[in-house]
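Trainee: Could you take me through one part of this chain in detail? I would like to look closely at a single aromatic residue and then at what surrounds it.

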Amino acid sequence: MRNLLALFGLAVLGFGGVGWYMGWYKLNVAKNTDGNLQITADVDTKKVSTDSSEIFKNVGAVIGNHVDKAAQDAKTAAPQTAPGATPGPVVAPTQTPNIKLPELPAVPGTTPAFPPASNQGPIPLIPPKPM
């Protein structure tokens with residue numbers, strides 16, 4: 001909430017500073033004969049409206065120029081190759097090739113870690129060696 005209040009205060013101060021610099025209003029401070037301060041503000045609404053419309057036109061022209069430049073850059077930066085020459089997506093093969101891996105020779109004096117493959121049923125488990 002404090003941040004929003006600070007942002008609002010900054011916007012008011014910014015508008016006041018820009019308005020004073022552009023001559024949109026004038027403040028006059030004078031003392032009356034009885035000693036009271038008299039503050040008067042003279043706002044030039046015609047100048048405010050002409051300046052603000054000129055600012056909006058300039059901002060619109062700048063944005064339009066950037067949009068036109070971006071469109072021109074997009075046209076000139078078209079791809080140099082034809083779309084047909086672009087490689088397509090890589091598709092995984094539907095069938096795995098029948099590759100037989102070589103078997104390693106058994107080390108003498110040890111039991112094999114994996115029993116030889118057979119189509120007889122579930123994989124037999126080897127119990128751990130007692131210590």
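Mentor: Happy to! Let us start with Phe15, which is exposed, with a relative accessible area of 54%. Please keep in mind that this is a predicted model. The cut-off for exposed is over 50%, so Phe15 at 54% falls on the exposed side.

Now for its ring partner. The chain has one aromatic pair by the rule used here. Phe15 and Trp24 make up that pair: their ring centres are 5.8 Å apart and their planes meet at 50°, so the pair is tilted. A plane angle under 30 degrees would count as stacked and one over 60 as edge-to-face, so an angle between these limits is called tilted. Trp24 has a relative accessibility of 7% and counts as buried, whereas Phe15 is exposed. Buried residues account for 3% of the 131 residues in the chain.

Leaving out residues up to four places away in sequence, Asp51 touches Met22 and Trp24. Asp51 sits in helix α2, which covers residues 45-76. Asp51 is also buried, yet it has no salt bridge. The nearest side chain of opposite charge belongs to Lys47, 4.3 Å away.

Helix α1 spans residues 2-22, and Met1 is found in the segment before it. Met1 is exposed, with a relative accessible area of 82%. Together with Leu4, Leu7 and Leu10, Met1 forms a nonpolar patch on the surface, with about 530 Å² of accessible area in total. The chain as a whole exposes about 13100 Å², and 66% of that comes from carbon and sulfur atoms.

Finally, a stop in the strands. Ala41 belongs to strand β2, residues 37-43, and is exposed at 56% relative accessible area. Ala41 touches Lys26 and Leu27, again not counting residues up to four places away in sequence. Ala41 and Val29 are twelve residues apart in sequence, and their C-alpha atoms are 9.0 Å apart in space. As for contacts across the chain, among those between residues at least 6 apart in sequence, 14% join residues at least 24 apart.

Key:
Residues numbered from 1 in each chain as written. Predicted model: local features only at pLDDT ≥ 70, side-chain atom pairs only at ≥ 80, totals over all residues. Heavy atoms only, no water. Buried < 20%, exposed > 50% of the residue type's maximum accessible area, 1.4 Å probe, protein only. Contact = heavy atoms within 4.5 Å. Areas by Shrake-Rupley, 256 points an atom, 1.4 Å probe, with all protein chains shown as cover. Patch = residues over 30% accessible without salt bridge, like charges linked within 9 Å, V, L, I, M, F, W, Y side chains within 5 Å. Salt bridge = Lys/Arg side-chain N within 4 Å of Asp/Glu carboxyl O. Helix = DSSP H or I, 4+ residues; strand = E, 2+ residues; numbered from the N terminus. Phe/Tyr/Trp six-rings, centres within 6.5 Å; stacked < 30°, edge-to-face > 60°. Lys, Arg positive; Asp, Glu negative; His and termini not counted.
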